[in-house]
Amino acid sequence: MTRRRPETPMPTSAELAILQVLWDRGPCTVREVHEALYGPDGAGYTTALKLLQVMHGKGLVARDDRERAHVYRAQASRENTQKRFLSDLTQRLFGGSASQLVLHALGEDPPASAEELAEIRALLARLEKERRR
């Protein structure tokens with residue numbers, strides 16, 4: 001019997017901000033994450049370090065400690081994290097109804113751009129085609 005790896009916990013807002021940096025920039029040192037998020041005069045370096053250590057313990061990031069300055073990379077993918085947050089939001093706020101989520105999102109200000117609407121139409125067409133098979 002194959003053992004299933006436990007799912008990593010949902011990242012907090014602060015952890016999500018760090019993941020965004022790692023997804024956008026790739027592997028980074030603590031200093032690089034600190035500067036990207038807080039700038040030279042922002043929160044303390046130790047705040048970024050502690051968050052990364054906690055995230056490592058949760059399995060959200062991996063750490064390469066072969067060099068003096070540890071390098072962290074996202075262990076959780078952007079796509080999987082987005083899916084998990086979206087699923088959670090859909091369940092908790094829209095009673096599991098994806099259509100209600102979409103209707104609310106498209107009805108908000110600012111309205112969806114022409115490019116976004118074209119992407120949505122293409123997705124709907126692909127889903128309809130797959131459903132007919």
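Modeller: Gladly! Setting aside residues up to four places away in sequence, Thr90 touches Gly95, Gly96, Ser97, Ala98 and Leu101, where contact means heavy atoms within 4.5 Å. Before going on, please keep in mind that this is a predicted model, in which local features need pLDDT of at least 70 and side-chain atom pairs count only at pLDDT 80 or more, while totals for chains, interfaces and linings use all residues. Numbering runs from 1 along each chain as its sequence is written, and side-chain values use heavy atoms, with hydrogens and water left out.

Thr90 itself belongs to helix H4, residues 78-94; helices (H or I, at least four residues) and strands (E, at least two) are DSSP runs, numbered from the N terminus. With 9% relative accessibility, Thr90 counts as buried, the scale being under 20% relative accessible area for buried, over 50% for exposed and partly exposed in between, with a 1.4 Å probe and protein chains only. A polar atom of the Thr90 side chain sits 2.7 Å from the backbone oxygen of Leu86. For a polar contact, a pair of N or O atoms must be within 3.5 Å; within protein, one must be able to donate a hydrogen and the other to accept it, and residues adjacent in sequence count only if both atoms are side-chain atoms.

Now look at Arg78, also in helix H4. Beyond its neighbours within four places in sequence, Arg78 is in contact with Gln20, Trp23 and Asp24. With Asp24 the side chain of Arg78 forms a salt bridge, 2.6 Å from N to O; the term means a side-chain nitrogen of Lys or Arg within 4 Å of a carboxyl oxygen of Asp or Glu. Because Arg78 lies in helix H4 and Asp24 in helix H1, this pair ties together parts that are 54 residues apart in sequence. Arg78 is partly exposed at 30% relative accessibility, whereas Asp24 is exposed, with a relative accessible area of 56%.

The side chains of Lys58 and Glu15 meet at 2.8 Å, N to O, in a salt bridge. Lys58 is in helix H3 and Glu15 in helix H1, so parts 43 residues apart in sequence are tied together by this pair. Glu15 is buried, with a relative accessible area of 3%, while Lys58 is partly exposed at 29%. A search of the whole structure finds 6 salt bridges; another of them joins the side chains of Asp64 and Arg66 at 2.7 Å, N to O. There, Asp64 is partly exposed, with a relative accessible area of 27%, and Arg66 is exposed at 70% relative accessibility.

H1 also brings us to the largest nonpolar core. Of its 16 residues, Ile18, Leu22, Val33, Leu52, Met55 and Val61 touch the most other members; a nonpolar core is a set of buried Ala, Val, Leu, Ile, Met, Phe, Trp, Tyr and Cys residues joined through side-chain atoms within 4.5 Å. Helix H1 (13-25), helix H2 (30-38) and helix H3 (45-58) each supply at least two residues of this core, and the largest share, 5 residues, comes from H1. Ile18 is in contact with Val33, Leu37, Leu51, Leu52 and Met55, not counting residues up to four places away in sequence.

An α-helix has 3.6 residues a turn, so residues three or four places apart point the same way. The length of H3 agrees with expectation: at 1.5 Å a residue its 14 residues should span 20 Å, and its end C-alpha atoms are 20 Å apart, the expected span being 1.5 Å times one less than the number of residues. Just after H3, Gly59 takes a positive phi of about 85 degrees.
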